[in-house]
Amino acid sequence: MAGLTAPARYNVAMHSQLMLFEDDKQTISDIQVSRSGTFVDNMALPIHRWFRYSAGFAAQWVEQVLAEWGIGKQHVVLDPFVGSGTVPVVCDMLGTPSLGVEAHPVVARICKAKLLWTTPPQRLGAFAANVLRQAEKLMSRAADYPPLIERSYDRDTLISLDALKSSWLQLQDKSQESELVWLALTAILRPTSKAGTAQWQYILPNKPKKRVIAPLLAFQQQIEIIKTDLRWMQMRANESLAEIIAGDARTLAENASREVDAVITSPPYANNYDYADALRFEMTFWGDVNGWGDIHEAVRKHLIVSSSQHSSRERLRLADLLGSEAVAPICPELTCVVEQLAEVRQNHGGKKHYHTMVAAYCRDISLVLQQLRRICKPGSHMCWVIGDSAPYGIYCPIERWIAELAIAAGFESYRFDKLRDRNIKWKNRKHRVPLKEGLLWIQG
C-alpha cells in the first residue's frame with residue numbers, strides 16, 4: 001500500500017508528536033506499537049474514556065493511519081464494526097466525515113452518545129444535578145433485580161444505583177444531556193460493583209474486587225469528566241460529522257448514504273468470544289435482558305457468527321455453509337479445516353460447534369467485504385486489525401482467508417503486518433498453537 005511501511009515505522013510514529021493529543025504527552029510517549037490493536041490507551045484520552053470497551057484499538061494509531069493515507073476533510077471514513085466509536089471520534093477531531101455500523105444495540109447507543117460532544121457542559125451539569133437530587137429522594141429500597149445484579153452489589157450500593165436509574169427514567173427527555181447522563185450511569189456500573197471483571201469484560205460475581213467506588217460519588221465524578229471533555233472537544237471542533245447506523249455490516253450498502261474513501265476496522269475475531277455477552281451486565285441492570293438466555297434474541301442473532309454459542313443456537317448446517325457462494329474462493333482449504341474440526345470435536349466433552357462457527361464466520365466476513373466493495377471508491381484504502389484462530393488446536397489462517405475473500409470481492413491487493421504474538425503463555429491452555437494479531441492492509 002502506497003506510503004505505508006512495516007510495523008517498525010509505527011513504533012516511531014506512535015512516539016512522535018500527534019496533532020490531536022498534544023495535551024497528553026505522557027500517554028503519547030507510553031504508546032507501544034504492539035498495543036495499537038487494543039483499546040487500553042484510549043482510557044487516558046478525552047471522549048474515548050467515557051466508556052471502556054475491550055473490543056477496540058488505539059485512537060492515536062487511527063489518526064496516524066489516516067495521516068499516512070492523506071485522508072482529509074474532503075474524504076469519508078468508514079468503520080463497519082464501529083464498536084464504541086473510536087474511528088468516528090477521531091474523525092470528528094480531524095473534521096473528517098465518517099460512517100459507522102454497529103449491530104450490538106447497546107454498543108451502538110454508547111457510540112452515538114460519545115458523538116454528542118456538542119452538548120453545552122452547563123446543560124449536562126444541570127440535568128445531572130436534577131437526576132442526583134431526585135435520586136436522593138428515592139433512596140429506600142432497590143427494586144428486584146435478576147441474580148447477576150443482586151450478587152454483584154452490596155445492598156446499599158444497589159439502592160443508590162436503583163435510585164439513580166429510577167430518577168433518570170423519570171426525567172429523561174431524549175435530549176443530548178439526557179443521553180449523556182444515561183452513558184455516565186452505565187459507565188459507573190462496574191466501578192461501583194464488588195464483582196470482579198475477567199478479560200474481555202466477563203463479570204465475575206464470585207471473585208470480589210477490593211476497590212469499589214460509592215455510586216453517588218462515582219456518578220458525580222463521571223459527569224465532571226464528561227463536562228471537562230466536552231469543553232476540550234468544543235475548543236477543537238464545531239460539529240460532529242459522523243453518521244452511525246445501528247445495523248448489520250452484511251447489508252451496509254443498502255443503508256449507507258455515501259461512498260467512502262477509507263476503511264479502518266476490527267471485526268469480531270473467530271476465537272469463540274461471545275461479543276453478545278460483553279455487556280450482559282449493563283443490559284441486565286437496565287432491564288434489556290433478564291439473563292444469559294435472553295442474549296441471543298436481544299443481541300447475538302444480529303451479529304456476524306464468531307462464537308460456537310451462535311452457530312449451535314442457529315443450528316447451522318455445514319453443508320449449507322460450504323455451499324454458499326460467499327466462501328467459494330477459499331472453499332477447498334476451508335472445507336479441509338472445518339472437516340477436521342467436525343472430527344476432532346467428537347473427542348471433546350463439550351462437542352462445541354467450532355466447525356460451523358468457522359464456516360459461518362468466513363461466509364459473514366465475505367458478505368461484509370462484498371458490501372464494502374459496493375461503497376468503497378476505486379483506489380480506496382482499508383486496514384483491518386485482525387487475529388487468527390485455532391479452535392480445538394486446529395489452525396485457521398483467518399487473516400489470509402479474509403485477504404483472499406477481499407480480492408475475490410474486487411479489491412486489488414493486500415499485505416499483512418504482524419503486531420504481536422498471541423497464545424504464547426501456554427500454562428493451563430487447551431492448545432499450544434502459536435497465534436498472532438496484526439494489520440491487514442487492503443488496497444483498491
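Guide: About 330 Å³ of space lies in the largest cavity. The model is predicted, with pLDDT of at least 70 needed for local features and 80 or more for side-chain atom pairs, while totals for chains, interfaces and linings use all residues. Residues are numbered from 1 along each chain as its sequence is written, and side-chain values use heavy atoms, without hydrogens and water.

Visitor: Why is this space called a cavity?

Guide: Because on a 1 Å grid over the protein atoms alone, a cavity is a set of points where a 1.4 Å probe fits but cannot get out. Its volume is the space filled by probe spheres set on the points, which are joined across faces, edges and corners. The whole structure holds 2 cavities of 30 Å³ or more.

Visitor: Which residues line the second largest cavity?

Guide: D274, Y275, A276, R300, L303, I304, S306, S307 and H310 do. The second largest cavity has a volume of about 30 Å³, and its lining has 4 nonpolar, 3 polar and 2 charged residues.

Visitor: Why is helix α3 said to be largely enclosed by the rest of the structure?

Guide: Because 10 of the 11 residues of α3 (residues 59–69) are buried, that is, under 20% relative accessible area with a 1.4 Å probe, protein chains only. The helix itself is a DSSP run (H or I) of at least four residues, numbered from the N terminus. Among the buried residues of α3 are W61, L66 and W69. Just after α3, G70 takes a positive phi of about 75°. Over the protein, 59% of the 444 residues count as buried.

Visitor: What makes a set of residues a nonpolar core?

Guide: Its members are buried Ala, Val, Leu, Ile, Met, Phe, Trp, Tyr and Cys residues joined through side-chain atoms within 4.5 Å. The largest such core has 142 residues, and W61, L66, F219, L369 and L372 have the most contacts inside it. Helix α17 (residues 354–375) gives the most to this core, with 12 residues.

Visitor: How do you know what L372 is in contact with?

Guide: Contact means heavy atoms within 4.5 Å. Leaving aside neighbours within four places in sequence, L372 is in contact with L78, P80, L252, V263, M382, W384 and F411.

How values were computed. Buried means under 20% relative accessible area, exposed over 50%, partly exposed in between (1.4 Å probe, protein chains only). Helices (H or I, at least four residues) and strands (E, at least two) are DSSP runs, numbered from the N terminus. On a 1 Å grid over the protein atoms alone, a cavity is a set of points where a 1.4 Å probe fits but cannot get out, and a pocket is an open set with protein on both sides within 12 Å along at least five of seven lines; lining residues have an atom within 4 Å of a point. Ala, Val, Leu, Ile, Met, Phe, Trp, Tyr, Cys and Pro count as nonpolar, Asp, Glu, Lys and Arg as charged, and the others, Gly among them, as polar.
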